[in-house]
Amino acid sequence: MPDITLVSFGFLHGAPPVADLTFDLRPYRDPHVSPELRELTAHDQIVVDTVLATPGIAEVIESVTRAAAFELITGDTDITIAIGCSGGRHRAPVVADQVYRDLLEQDWPVDVVHRDLALPVVHR
C-alpha cells in the first residue's frame with residue numbers, strides 16, 4: 001500500500017511544493033485578519049477552533065480526506081497532497097492536521113509536514 005504525505009505551506013513563502021494534488025485555502029477566511037490571532041499558529045487551540053468553525057472548511061477536510069483515501073485505494077505509488085494558504089501558519093496546517101487525524105483513524109499510512117508553520121508572519 002502506498003504512503004501519503006500531507007504538506008501544509010504558505011503561497012507567500014514561495015512556490016507550492018511538488019505534489020500530486022494541491023488544495024488552495026486562500027478563498028476561506030484568514031485568521032491573520034484578526035490581530036489577536038495573527039502571531040499565533042495552528043499549535044494554538046484558538047486558531048484551530050477558528051479555522052474549523054470557518055464556513056466551508058469541514059467540506060474541504062472531507063474532500064481532502066476522500067481524495068487521499070481514493071489515491072491510497074487505487075494507486076500503487078506514494079502520494080503527496082499539498083494544502084496551502086497565504087502564510088502557512090493558520091488554515092493550511094489546521095486542515096492538514098485534521099486530515100492526518102482522519103486518515104490515521106482509518107489506519108492509512110500517512111505523515112504530515114508543515115513547511116512554513118515556523119516562519120515569521122508575513123505582514124501585508
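This is a predicted model: local features need pLDDT of at least 70, side-chain atom pairs count only at pLDDT 80 or more; totals for chains, interfaces and linings use all residues.

Trainee: Fine. How many residues are in the largest nonpolar core?

Mentor: The largest nonpolar core holds 29 residues. Those with the most contacts inside it are Ile 4, Ile 81, Ile 83, Val 95, Val 99 and Leu 103.

Trainee: And which helices and strands supply at least two residues of it?

Mentor: The strands are β1 (4–10), β3 (79–85) and β4 (110–114). The helices are α2 (45–52), α3 (57–74) and α4 (91–105).

Trainee: Which one gives the most?

Mentor: That is α3, with 7 residues.

Trainee: What does Ile 4 touch, leaving out residues up to four places away in sequence?

Mentor: Ile 4 touches Ala 68, Leu 72, Ile 79, Ile 81, Leu 103, Pro 109, Val 110 and Asp 111.

Trainee: Next topic, the helix pair. At what angle do α2 and α4 cross?

Mentor: Their axes cross at roughly 85 degrees and come within 10 Å. Because of that angle, α2 counts as roughly perpendicular to α4.

Trainee: Which residues meet there, α2 against α4?

Mentor: From α2, Val 47, Val 48, Val 51 and Leu 52. They meet Arg 91, Val 94 and Gln 98 of α4. By class, this contact has 5 nonpolar residues, 1 polar and 1 charged.

Trainee: What does Arg 91 pair with in a salt bridge?

Mentor: The side chain of Arg 91 meets that of Asp 30, at 3.2 Å from N to O. Asp 30 is in the loop between β2 (21–24) and α1 (35–38), while Arg 91 is in helix α4, so the pair links distant parts of the chain, 61 residues apart.

Trainee: Are those two buried or exposed?

Mentor: Asp 30 counts as buried because its relative accessibility is 10%, under the 20% cut-off. Arg 91 is at 2%, so this residue counts as buried too.

Trainee: How many salt bridges in total?

Mentor: The count comes to 4. One of them joins Arg 66 and Glu 62 at 3.0 Å, N to O. These residues are 4 apart in helix α3, so about one helical turn separates them. Arg 66 is exposed at 57% relative accessible area, and Glu 62 is partly exposed at 42%.

Trainee: What about Asp 116, which partner does it have?

Mentor: Asp 116 meets Arg 115 in a salt bridge, 3.0 Å from N to O. Asp 116 is buried, with a relative accessible area of 3%, whereas Arg 115 is partly exposed at 31%.

Conventions. Residues are numbered from 1 along each chain as its sequence is written. Side-chain values use heavy atoms; hydrogens and water are left out. A nonpolar core is a set of buried Ala, Val, Leu, Ile, Met, Phe, Trp, Tyr and Cys residues joined through side-chain atoms within 4.5 Å. Buried means under 20% relative accessible area, exposed over 50%, partly exposed in between (1.4 Å probe, protein chains only). Contact means heavy atoms within 4.5 Å. Axes are lines fitted to C-alpha atoms, for helices over the stretch in contact, and angles run from 0 to 180 degrees between N-to-C directions. Angles under 35 degrees count as roughly parallel, over 145 as roughly antiparallel, 65 to 115 as roughly perpendicular and the rest as oblique. Ala, Val, Leu, Ile, Met, Phe, Trp, Tyr, Cys and Pro count as nonpolar, Asp, Glu, Lys and Arg as charged, and the others, Gly among them, as polar.
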